[in-house]
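Visitor: I would like to learn how to read a structure of this kind. Please put it up and take me through the features in turn.

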Amino acid sequence: MTRRYERLDPAAVHSTVERLHARIAARFPDRNLRHVAAELVGLVSEVGEQEARTRRQEHAARVASLVAAVLVVGATVFALVMAVRDAVAAATSLRAFEWLPVLESAINDTVFAGIAVWFLLAVPARLQRAATLRRLHRLRSLAHVIDMHQLTKDPERLRPGFRATSQSVDIGLDADDLAAYLDYCTELLSLVAKAAALCAEESTDAVVLDTVSTVENVTGGMSTKIWQKIATLDLPAVSRPVTSPR
C-alpha cells in the first residue's frame, strides 16, 4: 500500500507555489518579486512534466542499450568461437607456444567487450542524471535571484537615526511590508528546496542526491540570514520608512 506522506506530491507543491505567487502579487503588485514567484511556478510545473518525460526517455535508452549490449556480446562470442575453431583445426601443426596469440586475442576481446557493455548499460542513467542536474542548476540559480531581491532590504534603513547617502537604496517599504516581503523570500527559498527534492524523488544517483543537498543547504543558509533581518524588525526603534535623497 502506498503511503501518502512518504513522498512529495508534485501537484501539491505546484499548488503551494501558485498560492504563494498569488499572495505576493496581491500584496506587492509592482514588485519584481512576483515575477520571480511566477518563474518558480513554471519551474515546478516543468519538474513534474520533465521527470515523466525523462523516465520515458530513460526506458527507451535502456532498451536500446540492452539491444546494443546483446549485439556486442554476441559478436564477441562469435569471434571467439571462430578463433578457437580455426585454432583447433590447425592444432596438429601448432606448437604449444603458438596458442599464446589466440589466448591473448581472446582475453583482449573479452575485456573490450566487457567495457563496451558496461558503457552501454550506464548510458540511460547518465542521460537521466544530466537532465536532472540541468533542472537543479536552474533552481539553484533562482535561489540566488531570490537572495538578490532581499539583499538591499535592510531593516537598519527603517531606524529613525539612519542617515541615507546619495547611493542609498530606497526600499519604499514600511516595517510591516518589509517583514512580509522578507517572509515571502523565505517561503520562495523553501519551495525552491522542495522543487529540488522533487527532482530526486525517484533517484538513487549519488551525484544527483549530493546536488539536491547542496541546493537545500544554500536555500537554508539564505533563509537563516533573512530571518535574522526579520528578527531585527521587532526592535521598537523601527517605525517608518526612510527614503534616500533625490
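Guide: Start with a term: a residue is buried at under 20% relative accessible area, exposed at over 50%, and partly exposed in between, with a 1.4 Å probe and protein chains only. What you see is a predicted model, in which local features need pLDDT of at least 70, side-chain atom pairs count only at pLDDT 80 or more, and totals for chains, interfaces and linings use all residues. Residues are numbered from 1 along each chain as its sequence is written, and side-chain values use heavy atoms, with hydrogens and water left out.

Visitor: Which secondary structure does the protein chain have?

Guide: Helices (H or I, at least four residues) and strands (E, at least two) are DSSP runs, numbered from the N terminus. Here the protein chain has five helices and zero strands, in the order α-α-α-α-α from the N terminus. The chain has 246 residues, of which 33% count as buried.

Visitor: How many of the contacts in the protein chain link residues 24 or more positions apart?

Guide: Contact means heavy atoms within 4.5 Å. Among contacts with a separation of 6 or more, 81% are between residues 24 or more positions apart.

Visitor: What span should helix α1 have, given its 18 residues?

Guide: The expected span of a helix is 1.5 Å times one less than its number of residues. For α1, residues 10–27, that gives 26 Å, and the end C-alpha atoms are 26 Å apart, so the two agree.

Visitor: Which residues of α1 are buried?

Guide: They are Val13, His14, Val17, Leu20 and Ile24. These residues lie on the same side of α1, because they cover an arc of only 125° around the axis; the arc is that of the directions from the helix axis to the C-beta atoms. Ala11 and Ala26, on the other side of α1, are exposed.

Visitor: Where does Thr16 belong?

Guide: Thr16 is in helix α1. With a relative accessible area of 33%, Thr16 is partly exposed. Its C-alpha is 9.1 Å from that of Val41, a residue 25 places away in sequence.

Visitor: How are two packed helices described?

Guide: By the angle between their axes and the distance between the axes. Axes are lines fitted to C-alpha atoms, for helices over the stretch in contact, and angles run from 0 to 180 degrees between N-to-C directions. Helix α4 (residues 175–199) packs with helix α5 (residues 206–232) at about 170°, and their axes are 9 Å apart. That angle makes α4 roughly antiparallel to α5. Angles under 35 degrees count as roughly parallel, over 145 as roughly antiparallel, 65 to 115 as roughly perpendicular and the rest as oblique.

Visitor: Which residues meet where α4 and α5 are in contact?

Guide: From α4 they include Leu182, Cys185, Thr186 and Leu189, and from α5 they include Val215, Thr219, Ser223 and Ile226. Sorted by class, the contact has 14 nonpolar, three polar and three charged residues. Ala, Val, Leu, Ile, Met, Phe, Trp, Tyr, Cys and Pro count as nonpolar, Asp, Glu, Lys and Arg as charged, and the others, Gly among them, as polar.

Visitor: What does Thr186 contact, leaving aside neighbours within four places in sequence?

Guide: Thr186 sits in α4 and is buried, at a relative accessible area of 6%. Apart from those neighbours, Thr186 contacts Ser223, Ile226 and Trp227.

Visitor: Is Cys185 buried or exposed?

Guide: Cys185, also in α4, counts as buried at 0% relative accessibility. Not counting residues up to four places away in sequence, Cys185 touches Leu33, Ile146, Gln150 and Ile226.
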